Amino acid sequence: MLRPEPSARLPLLLALLGMAWMEVQLLPLQEGQAPTPGALSSKETFLLLSLHNRLRSRVHPPAANMQRMDWSESLARWAQARAALCGAPTQSPASAPRATQQVGWNVQLLPMGSASFIYVVGLWFAEGQWYSHSAAECAHNATCTHYTQLVWATSSQLGCGRHRCSGAQAEMEAFVCAYSPGGNWEANGKPIVPYRKGSWCSLCTARASGCFKAWDHAGGLCEVPRNPCRMSCRNHGHLNISTCHCHCPPGYTGRYCQVRCSGQCVHGRFREEECSCVCAVGYGGARCATKVHFPFHTCDLRIDGDCFMVSSEADTYYGAKMKCQEKGGVLAQIESQKVQDILAFYLGRLETTNEVTDNDFETRNFWIGLTYKTTKDSFRWTTGEHQSFTSFAFGQPDNQGFGNCVELQASAAFNWNDQRCKTRNRYICQFGEGPLTAPLFWPLSPEVLLARSRS
């Protein structure tokens, strides 16, 4: 809290010559009214708002839930109307409509020309020297209600007005500020503290979860974050703040619109969700234009007639997906416990031979062709099939919003984990003699061959 120097106490005596009071009453906020004549200029409103926020950031002890204030034109009209009445209430609480917003008032009446509005707000804040936060009370024979309203943590809107008043003996000037929601409440007849003590911004609400820290602030103020999603969309994508989803322009996909794609599939069909081509059997490449002769590859593992190839290199999810497609296959689709068990056993054997722990790889994990589709609110295979079988590790998936792609996690016995798609993993490609959009596995299967054909 700022404590005035002895030389600064003279203005407090000057304030006693005028009339000063604070009250809370019910007033309707009506937008769309015409500005009141004599209203404050844009510069004055900016200075008053900045001063309020700066002073609110300097309370002592520090405030854990102090909200940043915004200017309200409707409150400013009410304040100006009350200033025009030289501070007298514009409406009594008994006559106020029930469905109205609670508004708090700070009113000061001083001799004409004795103080500026900025100076008056400083007088209100200086009352804090008489206020004890721990005892929630003001010193005897002192006034603190202007201060407590000014630093009331949940008051988030401000509007002020000023007016010259002709008195019987001297010209006076009325300074009025309205606050919403109001403050200075009581519990069992005793005033409550204006804010919660603690580290700045440590008790912000979910609605005002941001922390505003200006260069001239001593601490932080809780505010509605401008980007609560903590993310941005690339390639001119539009971020929906309410859903935290990127709406990508044509030609781009991915959570952040970071993946470029083409809708021209020569021998295949275009999947709009994936923003890529699903190639017909025998064709590969980004546009399914490359003829691939069967067999397309060397199998590391054959299960029920389908061939699985474990990569010797690492790549991002989308990079791995394209490389599998260039070979005429897709990232592996694990749709039964049988396939999961066999792959987990095979990859576990690879791990013991130290083939998975190469320093070139960021992880010991493997991409499969399962991704989280925000539009479907579910995991889907690359071919668009809904994921019916699941083998997620304990506690997974735990971050679908950011971990949109699925890997076989070595530390979890190669059960599944949702991971950021830009992570560089090894990957497993799958190839079949039939269309991969049809069921890949049949109950009557030939003998499983475990053969490592690489030299």
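# A chat about buried charges and packed helices

Biologist: Let's start with Asp216: buried or exposed?

Modeller: Asp216 counts as buried, because its relative accessibility is 17%. Buried means under 20% relative accessible area, exposed means over 50%, and partly exposed is anything in between (1.4 Å probe, protein chains only).

Biologist: Before we go on, what kind of model is this?

Modeller: It's a predicted model: local features need pLDDT of at least 70, side-chain atom pairs count only at pLDDT 80 or more, and totals for chains, interfaces and linings use all residues. Residues are numbered from 1 along each chain as its sequence is written, and side-chain values use heavy atoms, with hydrogens and water left out.

Biologist: OK, back to Asp216. What does it form a salt bridge with?

Modeller: Arg54, and the closest N and O atoms of the pair are 3.2 Å apart. They sit in distant parts of the chain, 162 residues apart: Asp216 is in the loop between strand 10 (210-212) and strand 11 (221-223), while Arg54 belongs to helix 2 (residues 42-56). Helices (H or I, at least four residues) and strands (E, at least two) are DSSP runs, numbered from the N terminus. A salt bridge here is a side-chain nitrogen of Lys or Arg within 4 Å of a carboxyl oxygen of Asp or Glu.

Biologist: And what does Arg54 count as?

Modeller: Arg54 counts as partly exposed, because its relative accessibility is 23%.

Biologist: How many salt bridges does the count come to?

Modeller: The count comes to 9 salt bridges. Another of them is Asp304 with Lys338, where the closest N and O atoms are 2.8 Å apart. That pair links distant parts of the chain too, 34 residues apart, with Asp304 in the loop between strand 20 (301-303) and strand 21 (306-310) and Lys338 in helix 7 (residues 337-352). Asp304 is buried at 9% relative accessibility, whereas Lys338 is partly exposed at 32%.

Biologist: Which residues are linked in a network?

Modeller: Glu313, Asp315, Lys323 and Arg424 are linked by salt bridges into a network. Within it, Asp315 bridges to Arg424, with the closest N and O atoms 3.9 Å apart. Those two are 109 residues apart: Asp315 is in the loop between strand 21 and helix 6 (317-326), and Arg424 is in the loop between strand 26 (415-419) and strand 27 (426-431). Asp315 is buried at 11%, and Arg424 is partly exposed at 34%.

Biologist: New topic. How many helices and strands are there in the protein?

Modeller: The protein has 7 helices and 28 strands. Of its 455 residues, 48% are buried. Take contacts (heavy atoms within 4.5 Å): among those between residues at least 6 apart in sequence, 68% join residues at least 24 apart.

Biologist: At what angle do helix 2 and helix 4 pack?

Modeller: About 20 degrees, and the axes of helix 2 and helix 4 (residues 117-126) are 10 Å apart. Axes are lines fitted to C-alpha atoms, for helices over the stretch in contact, and angles run from 0 to 180 degrees between N-to-C directions. The two helices are therefore roughly parallel to each other. Angles under 35 degrees get that label, over 145 is roughly antiparallel, 65 to 115 is roughly perpendicular, and the rest are oblique.

Biologist: Which residues of helix 2 meet helix 4?

Modeller: Leu47, Leu48, Leu51, His52 and Leu55 from helix 2 meet Phe117, Ile118, Val121 and Phe125 from helix 4. Helix 4 is mostly covered, with 7 of its 10 residues buried; among them are Trp124, Phe125 and Leu123.

Biologist: How many residues of helix 6 are buried?

Modeller: 7 of its 10 residues are buried, so helix 6 is largely enclosed by the rest of the structure. The buried residues include Tyr317, Tyr318 and Cys324. Gly328 follows helix 6 and has a positive phi, near 95 degrees.

Biologist: Which residue has a positive phi of about 60 degrees although it is not a glycine?

Modeller: That's Cys257, in the loop between strand 14 (252-253) and strand 15 (259-260). Cys257 is buried, at 0% relative accessible area.
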